[in-house]
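Here is a short briefing to read alongside the model.

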Amino acid sequence: MSDDNDDTAQVLKLDLPVAPTVLIVDDDELVLAKLEEIVASAGYSVRTAHGGADAMRFLEDGSASVVVTDLKMPGMDGLELCRLIRGREWPGYIYIVLLTVQDEEEDILAGFEAGADDYVSKRTSKAQLMARLRTAKRILSLEHCLKIALENKRQLAMTDPLTGVFNRRYLVRHLGRELNRSQRFGGDVSLMMLDVDHFKRINDTFGHLVGDSALKQLTAKIAECLRRATDWCARIGGDEFVVVLEGANVEEARRCAEKVRQTVSGMSIDTPRGPVNITISIGISGLERFADKQSVTVQSLLDQADTSLYASKICGRNRVTLSDSNTPSSAREPADRRPTHASFVPVSSIR
Amino acid sequence: MRASVHAREIPQRIKAREESLAKSFIQRARNDVNRFREMLERARQGDLTPLSEIERLAHTIHGAGAIFGYPAISASGRAIERLAAQLVAGRDPPGEHMVIGQLAEITEQLALEVEMACGIPPDAGPTLQPRIG
């Protein structure tokens, strides 16, 4: 809990990477020039617009995050501009300062009602205007910090902390999305499930630190073999991983799996007793292997891959196995009820 | 050495630019006063169509006078803006001539203030507190 608080405090200390760009809106050319001079001399990037419509074009281009606008202007006035800005969605918050000579109570209230964050009289001092812009910067910095914190939390929620690959939650959510897309629009999706052969021995013999190190090195090797942006890996258990190959058929998945298997079988991990070689077993499943593609679920794909993985294990490990067509979802059944290796197509081994 | 020269040049450049803008404002206000006189003359003769333009120009003087640090000019602009708006809204048709007379008086007051402001830097102008500029 205190770590979380420390993280939040650190994030809230972050400042905007660059000073916000200020868009000054006024129909008076001389006022625009004067304000541009004042604001730019304080270190802000400045854009100017002669009216509301002009200002909206700048904002649509993402050119500014602070708007300092006059109230009374021909065409679209400051209030309408505020309402238009607030009525739309933007990539980031737009801080609005109404800068006007109309400073009656009812004008001020109308300004805030329309969505302004601040209301400043044109009779105010230069120093006060600068102070108001610093407040705008502070609010935008806060928003920036919160976005970073949110992104960090989002990353943590979908990442395996040990290896840095995705976690099971991400796998279920994104594989489901990819599966739906393939079912609706056609196309393939294949996956490989893999685990380390005799991983328990590594842990029991050398301790969990070595085991953890082995898993980190393994995921690095897997990452080396995945070349497409649409290929990704998730850790779903102790030493169990799933690699999803979006848009790939099982033959492509097999080639990729074979590459991973060979790469890993050539690696060794450091232990207190010297380098130790590890191997992995892989099971492959794919949408194309199902007769009724519309009824396929994430679970049925995972079950099929798990059954193939099991076949790799009973056929001697360190190999890749493709599921046969319409493989039943029986991988987690008792061993004596699991399908025999005759149901599978072992495609590789070290022997 | 180079940095210190550069550091001196920036405030000088800003100051020169601000003085130039203030001069442009005063020159424009002079022109606006002349336009007010012409338009009010037409109004006296029964042509009230220029009143919207008077209101618009006066609003500009009201805002820009405040921004450039000339509160008296800004206040006169405000007074003209309000009276012109009253006539445009047609709130008091029998009192139109009286209001036009008031507008002429304030215009001459504005003319005086603009002439007084000539040569007076805005920061040294008759402001109660440091203004923008």
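In chain A, five strands make up an open sheet with parallel pairing, in the order β2-β1-β3-β4-β5. Please keep in mind that this is a predicted model. From one strand to the next, the twist of the sheet averages 20°.

**The parallel sheet of chain A**

- The edges of the sheet are β2 (45–49) and β5 (118–121) of chain A, each of which pairs on one side only.
- Strand β1 (residues 21–25) of chain A pairs with β2(A) in the parallel sense, over five bridges.
- Within that pairing, Val22(A) has Val46(A) of β2(A) as its bridge partner.
- Helix α6 (residues 126–158) of chain A lies across β1, β3 (66–69), β4 (95–100) and β5 of chain A. Relative to β4(A), helix α6 of chain A runs at about 165°.

**The hairpin of chain A**

- Strands β7(A) and β8(A) form a hairpin, and four residues sit between them.
- The two strands, β7(A) and β8 (residues 240–246) of chain A, run antiparallel and are joined by five bridges.
- One place to look is Ala234(A), whose bridge partner in β8(A) is Val242(A).
- Strand β7 (residues 231–235) of chain A is largely enclosed by the rest of the structure, because four of its five residues are buried.

**The helix pair of chain B**

- α2(B) and α3(B) pack with their axes 7 Å apart, at an angle of about 155°.
- That angle is over 145 degrees, so α2(B) and α3(B) count as roughly antiparallel to each other.
- The crossing of α2(B) and α3(B) is left-handed.
- On the α2(B) side, the residues making the contact include Leu51(B), Ile54(B), Ala58(B), Ile61(B) and Ala66(B). On the α3(B) side, they include Pro71(B), Ile73(B), Gly77(B), Ile80(B), Ala84(B) and Val88(B).
- By class, the residues of the contact between α2(B) and α3(B) are twelve nonpolar, six polar and three charged.

**Where the chains meet**

- Chain B brings 22 residues into contact with 19 residues of chain A.
- On chain B, the side that touches chain A draws at least two residues from each of α1 (2–44), α2 (51–67) and α3 (71–88).
- That side of chain B has ten nonpolar, eight polar and four charged residues.

Technical notes: Residues are numbered from 1 along each chain as its sequence is written. Chains are lettered from A and ligands numbered from 1 in the order in which they are written. This is a predicted model: local features need pLDDT of at least 70, side-chain atom pairs count only at pLDDT 80 or more; totals for chains, interfaces and linings use all residues. Two residues are in contact if their C-beta atoms, placed from the backbone, lie within 7 Å. Ala, Val, Leu, Ile, Met, Phe, Trp, Tyr, Cys and Pro count as nonpolar, Asp, Glu, Lys and Arg as charged, and the others, Gly among them, as polar. Axes are lines fitted to C-alpha atoms, for helices over the stretch in contact, and angles run from 0 to 180 degrees between N-to-C directions. Angles under 35 degrees count as roughly parallel, over 145 as roughly antiparallel, 65 to 115 as roughly perpendicular and the rest as oblique. A crossing is left-handed if the near helix is turned anticlockwise from the far one by less than a right angle, and right-handed if clockwise. A residue is buried if 20 or more other C-beta atoms lie within 10 Å of its own, exposed if 12 or fewer, and partly exposed in between; C-beta atoms are placed from the backbone. Two strands pair if DSSP finds at least two bridges between them.
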